[in-house]
Amino acid sequence: MIQISYQDPRPIYEQVRDAYRQQILAGVLVPGEQLPSVRELSSRLAVNPNTIQRAYRELEQEGCISSVRGKGSFVADGAGAAEARRHELLRQFDQLVQELESLGVTPEELGRRVGGGEG
């Protein structure tokens, strides 16, 4: 069950997207399993259907789900979801490294942290 929090600073569509992504990667939702319809989930969570549609669209772009017109949205192969998440996290990591370097953090300091050493 997806739960949203109005205390969370993230937009609702991100909370829905992240909750489904986490369930897929953890194996709670298995490949081929059907997700609730946009209308059903928006009603259950009391949010605008466009919010759910945006979350589903982003999950589909990431390779976590696939949509079949007239049938619904289904969990995609787990390997695709994991690879998409890996790619996104590495992109975020690269951005953080650039920002840290612009703040004077040396490659050596970064290497120690990445290698598990104290920083």
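I will start with the charged side chains. Asp8, Arg10, Arg17, Asp18, Arg21, Arg54, Glu58 and Glu62 are tied together in a network of salt bridges. Before going further, please note that this is a predicted model. The structure holds 8 salt bridges in total.

As background, side chains of opposite charge can pair when their charged atoms come close.

Asp8 forms a salt bridge with Arg10, and the closest N and O atoms are 2.6 Å apart. Are these two residues buried, exposed or in between? Asp8 has a relative accessible area of 23%, so it counts as partly exposed. Arg10, with 32%, is also partly exposed.

The second pair is Asp18 with Arg17, whose side chains meet in a salt bridge at 3.0 Å, N to O. Asp18 is buried because its relative accessible area is 19%, and the cut-off for buried is under 20%. Arg17 is buried as well, with a relative accessible area of 12%.

Helix 1 runs over residues 12-25. How many of its 14 residues are buried? The count is 11, so the helix is mostly covered, with buried meaning under 20% relative accessible area.

Just after helix 1 comes Gly27, which takes a positive phi of about 85°.

Next is helix 2, residues 38-45, which holds both Glu40 and Arg44. The two are 4 residues apart, about one turn of the helix. Their side chains meet in a salt bridge at 2.7 Å, N to O. Glu40 is partly exposed, with a relative accessible area of 41%. Arg44 also counts as partly exposed, at 39% relative accessibility.

After that, look at the loop between helix 2 and helix 3, where Ala46 is placed. For context, most residues other than glycine have a negative phi. Ala46 is exposed, with a relative accessible area of 63%, and the cut-off for exposed is over 50%.

Moving on to helix 3, residues 49-61, I will pick out Glu60. Glu60 is partly exposed, at 36% relative accessibility. Which residues does Glu60 touch, leaving out those up to four places away in sequence? They are Ile65, Ser66 and Ser67. Glu60 and Pro11 are 49 residues apart along the chain, and their C-alpha atoms are separated by 18 Å.

Now a nonpolar spot. Leu90, Phe93 and Val114 form a nonpolar patch on the surface, with about 280 Å² of accessible area together. Phe93 sits in helix 4, residues 78-102. With a relative accessible area of 39%, Phe93 is partly exposed.

Let me finish with the whole protein. The protein has 5 helices and 2 strands. Along the sequence, these follow the pattern α-α-α-β-β-α-α. The radius of gyration is 18 Å, well over the 14 Å that the globule rule gives for 119 residues, so the protein is more spread out than a compact globule. Along its principal axes, the C-alpha trace spans about 55 × 30 × 20 Å.

On cover, buried residues make up 30% of the 119 residues. The protein exposes about 8000 Å², and carbon and sulfur atoms supply 50% of that area. As for contacts, take those with a separation of 6 or more: residues 24 or more positions apart account for 44% of them.

That is the tour, and I will take questions now.

Notes: Residues are numbered from 1 along each chain as its sequence is written. This is a predicted model: local features need pLDDT of at least 70, side-chain atom pairs count only at pLDDT 80 or more; totals for chains, interfaces and linings use all residues. Side-chain values use heavy atoms; hydrogens and water are left out. The expected span of a helix is 1.5 Å times one less than its number of residues. Buried means under 20% relative accessible area, exposed over 50%, partly exposed in between (1.4 Å probe, protein chains only). Patches are made of residues with over 30% relative accessible area and no salt bridge: like charges are joined within 9 Å, nonpolar side chains (Val, Leu, Ile, Met, Phe, Trp, Tyr) within 5 Å. Accessible areas come from the Shrake-Rupley method with a 1.4 Å probe; for residues, only the protein chains shown count as cover. A salt bridge is a side-chain nitrogen of Lys or Arg within 4 Å of a carboxyl oxygen of Asp or Glu. The radius of gyration is taken over C-alpha atoms; the globule rule is 2.2 Å times the number of residues to the power 0.38. Contact means heavy atoms within 4.5 Å.
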